[in-house]
Amino acid sequence: MSYTFERLSDDVRLAVSEEHTFGTDAVLLSYFAAVKRKDRCIDMGTGCGIIPMLWLRDKSQSPVHCLDIQENAINQVKESIKENGFEERLIPHLCDLRNIKEEFTPEGFTLVTMNPPYKPVNTGIESLSESARIARHEVCCNIEDAVKAANYLLTFGGRFCMCHRPERLVDVISIMREYRLEPKRLRFVCDKAGEEPFLFLIEGKRGAKPFLRVEKELLLKNEESKFSKEMLEIYGSYADGYEDKVR
């Protein structure tokens with residue numbers, strides 16, 4: 001497989017390929033998760049590993065785990081590990097999250113993230129690429145699979161953060177509650193002010209009491225169709241020269 005390396009900061013470079021790359025959704029999720037340096041973290045369905053690699057720009061971040069069902073994705077993450085010398089900082093797992101108990105003991109993490117497939121099987125135009133089809137369609141994982149796995153992995157009070165399309169919000173909230181991941185934070189993402197959201201970010205806490213805080217909407221662009229101030233802060237130095245890459 002052929003890789004190119006994308007600069008995430010002056011010190012961190014990410015291997016990307018035609019099979020596994022990343023978009024704005026994953027960058028926003030990594031930010032929304034508000035990782036703490038002492039968190040025991042795992043990113044499920046990691047793809048190219050963008051979410052943990054963004055966290056590891058902080059040299060004080062504790063080691064992070066990630067998993068994916070696709071061997072070519074895990075091999076790609078290993079290239080990023082080698083490129084950055086992250087052998088002790090990022091631990092990849094080739095794992096089907098539907099069989100999470102075969103790879104992990106319960107309650108081992110304080111933070112779980114996932115940017116899941118958005119489209120049910122047999123809806124929309126399915127990609128001709130098998131890797132892209134798995135990433136975009138619920139072929140190997142649906143919302144319930146992801147939430148169930150997160151519940152198993154999290155300690156009491158641990159957090160699960162994910163993103164999804166607004167039309168699936170009711171499904172996500174009801175399934176999270178079914179698996180004792182009480183929704184605590186919700187944030188909608190819009191392209192510009194006044195437009196309908198195209199994404200939501202949600203955090204559930206294992207075993208928490210009901211109380212949902214809806215945060216101020218996140219705007220990608222300002223009136224001039226450039227990165228908003230908050231987006232520039234989210235992207236950090238990665239935003240340099242990428243003002244047009246917002247979706």
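The questions below concern a predicted model.

Me: How many helices and strands does the secondary structure of the chain come to?
Reply: The model is predicted, and the count is for the one chain. Its secondary structure comes to seven helices and 11 strands.

Me: What percentage of the residues in the chain is buried?
Reply: Buried here means under 20% relative accessible area. The chain has 247 residues. Of these, the buried share is 51%.

Me: Is helix 1 mostly covered or mostly open, and how many of its residues are buried?
Reply: Helix 1 spans residues 24-32 and is mostly covered. Its buried residues include Thr24, Asp25, Val27 and Phe32. Of the nine residues in helix 1, the number buried is eight.

Me: Which residue with a positive phi follows helix 1?
Reply: Helix 1 ends at residue 32. The residue that follows has a phi near 50°. That residue is Ala34.

Me: Is Glu19 buried, partly exposed or exposed?
Reply: Glu19 lies in the loop between strand 2 (13-16) and helix 1. Its relative accessible area is 32%. Buried requires under 20% and exposed over 50%, so Glu19, at 32%, is partly exposed.

Me: How far apart in space are Glu19 and Ala73, C-alpha to C-alpha?
Reply: In sequence, Glu19 and Ala73 are 54 residues apart. In space, their C-alpha to C-alpha distance is 8.1 Å.

Terms used:
Residues numbered from 1 in each chain as written. Predicted model: local features only at pLDDT ≥ 70, side-chain atom pairs only at ≥ 80, totals over all residues. Heavy atoms only, no water. Helix = DSSP H or I, 4+ residues; strand = E, 2+ residues; numbered from the N terminus. Buried < 20%, exposed > 50% of the residue type's maximum accessible area, 1.4 Å probe, protein only.
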